[in-house]
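Q: I have just opened this entry and would like a guided tour. Could we go through it together?
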Amino acid sequence: ATHKLLLLPGDGIGPEVMREVEKIVGWFRKRGVGFETETDLVGGSAYDAHGVAISEDAMSRAQAADAVLFGAVGGAKWDSVPYAVRPEAGLLRLRKDLGLFANLRPAICYPALADASSLKREVVEGLDIMIVRELTGGVYFGEPKEIVTLEDGSQRAVDTQIYHTHEVERIARVAFDLAGKRRNKVSSAEKFNVMKTGVFWRQVVTRIHKQEFSGVELEHVLADNCAMQLVRYPKQFDVIVTDNLFGDILSDIAAMLTGSLGMLPSASLGAEDPASGQRKALYEPVHGSAPDIAGKGLANPIAMIGSFGMALRYSFGLLDEADRLDRAIANVLASGTRTKDIAGPGMNAVGTQDVGDAIVKE
Ligand code: NAI
Ligand code: MG
């Protein structure tokens, strides 16, 4: 089978970390894995070339690809371009047109990096949890959304949290399905005690569990308690599923259990195509374009490489290859080959390409 990948390196360190992924794609290709890659512009670099943050041509390539690998976008150069064509608009367009409703953020603590966490080694060592955040609904998008001036001159601000049955059903299915391939446990986080959307979320998740995934363990947890538990005893979790707002916050908390921004991959998945069973998907590091280190060969490529690892696992079903890549990353970290952001005290930091080469070698 051929796996069609669209590479969108973007701006700043995006192209630097994408180059390292291309080395790994090349390694697999030489060993007979059928990857077909195309590369296109996104963000500021697309704006410079086409006057928009992503061209229609790039959008149709994204639609045709089995997976999109996205680097990062943005930089001071484009800070004053019009809102509709600013670099982030490229990412928002991709999310919208590909219907990417499920954001997967793993928090993995490699033993070699346990001392870089904000928490004690024994709390995080070997941690491997997955936060599944609903990405296209909830309070960030619900209408009305406005600041209104009242007759007495005072003002009122409104955001609206709305969830429909199908939105909660599909994100719950993604979470249960993932858990079934992991440690078989889903923790669903909401605030049913004070929010109607929380009551509803709990009802729908409970029904999907009962009807379709009764073999997976399900627990309900209040979102604020979930935040506490994440810093108290995070290893109790396997998959956490939650709405857009709570997921934004909980995934950032989980991220800091594991060390640097340069280590964090993510995936965004869309609806399953009924004919092929394939999902549209975009894989990207959590970090941005890091203008402060761009062009210097200092960026940690592991977040980007790990995002490709997620594509192997979730878009292509290449589980052995994904495991092999994960092991290579763990071994390289253990050997002390690290970029500056994760080098321990007294350790010699190496460059972006050194880490990529070391992973290929492993
Ligand atoms: P950032 O993630 O680019 O950088 C934050 C800090 O982390 C910087 O000190 C940077 O050097 C460091 N860092 C980030 N990635 C790293 C890596 N791989 N290796 C080593 N160090 C790394 O966030 P910031 O500075 O807030 O934003 C910079 C630009 O990126 C802005 O234009 C922003 O809009 C854009 N951005 C883009 C995102 C995307 O493309 N999805 C996400 C976040 C920000
Ligand atoms: Mg956030």
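Predicted model: local features only at pLDDT ≥ 70, side-chain atom pairs only at ≥ 80, totals over all residues.

Q: Which residues belong to domain 1 and which to domain 2?
A: Domain 1 takes in 1-106 + 260-362, while domain 2 covers 128-256.

Q: How many residues of each domain are in contact with the other?
A: On the side of domain 1 there are 12 residues, and they are in contact with 14 residues of domain 2.

Q: What about confidence: what pLDDT does the chain average?
A: The chain averages a pLDDT of 95, and 100% of the residues score at least 70. The model also has an ipTM of 0.98 and a pTM of 0.94.

Q: Let us turn to helices. At what angle do α1 and α12 pack?
A: Helix α1 (residues 14-30) and helix α12 (residues 352-361) pack at about 15°, and their axes are 9 Å apart. The two helices α1 and α12 are therefore roughly parallel to each other. Their crossing is right-handed.

Q: Which residues meet there?
A: From α1 come Glu16, Val17, Glu20, Lys23, Ile24 and Trp27, and they meet Thr352, Gln353, Gly356, Ile359 and Val360 of α12. By class, this contact of α1 with α12 holds five nonpolar, three polar and three charged residues.

Q: How do α6 and α7 pack?
A: Helix α6 and helix α7 (residues 196-212) have their axes 9 Å apart, at an angle of about 50°. Accordingly, α6 and α7 are oblique to each other. The crossing of α6 past α7 is right-handed.

Q: Which residues make the contact?
A: On α6 they are Thr165, Val168, Glu169, Ala172, Arg173 and Phe176, and on α7 they are Trp201, Val204, Val205, Ile208 and His209. The contact of α6 with α7 has seven nonpolar, two polar and two charged residues.

Q: And α8 with α9: roughly parallel or oblique?
A: Helix α8 (residues 223-232) and helix α9 (residues 244-255) pack at about 10°, with axes 10 Å apart. Helices α8 and α9 are therefore roughly parallel to each other.

Q: Which residues of α8 and α9 meet, by name?
A: In α8, Ala223, Cys226, Ala227, Leu230 and Val231 meet Phe246, Leu250, Ile253 and Ala254 of α9. That contact divides into nine nonpolar residues, with no polar and no charged ones.

Q: Changing topic to the backbone: which peptide bond is cis?
A: The bond from Glu143 to Pro144 is cis, with omega near 0°. Pro144 has its place in strand β6 (residues 142-149).

Q: What is the phi of Asn184?
A: Asn184 has a positive phi of about 65°, although this residue is not a glycine. For background, most residues other than glycine have a negative phi, and most peptide bonds are trans.

Q: Where is Asn184 found?
A: Asn184 is in the loop between α6 (165-180) and β8 (185-190).

Methods: Residues numbered from 1 in each chain as written. Chains lettered and ligands numbered in written order. Axes fitted to C-alpha atoms, helices over the stretch in contact; angles between N-to-C directions. Helix = DSSP H or I, 4+ residues; strand = E, 2+ residues; numbered from the N terminus. Parallel < 35°, antiparallel > 145°, perpendicular 65-115°, else oblique. Left-handed = near helix turned anticlockwise from the far one by under 90°. Contact = placed C-beta atoms within 7 Å. Nonpolar A, V, L, I, M, F, W, Y, C, P; charged D, E, K, R; others polar. Domains from an automatic or database assignment. pLDDT = per-residue confidence, 0-100.
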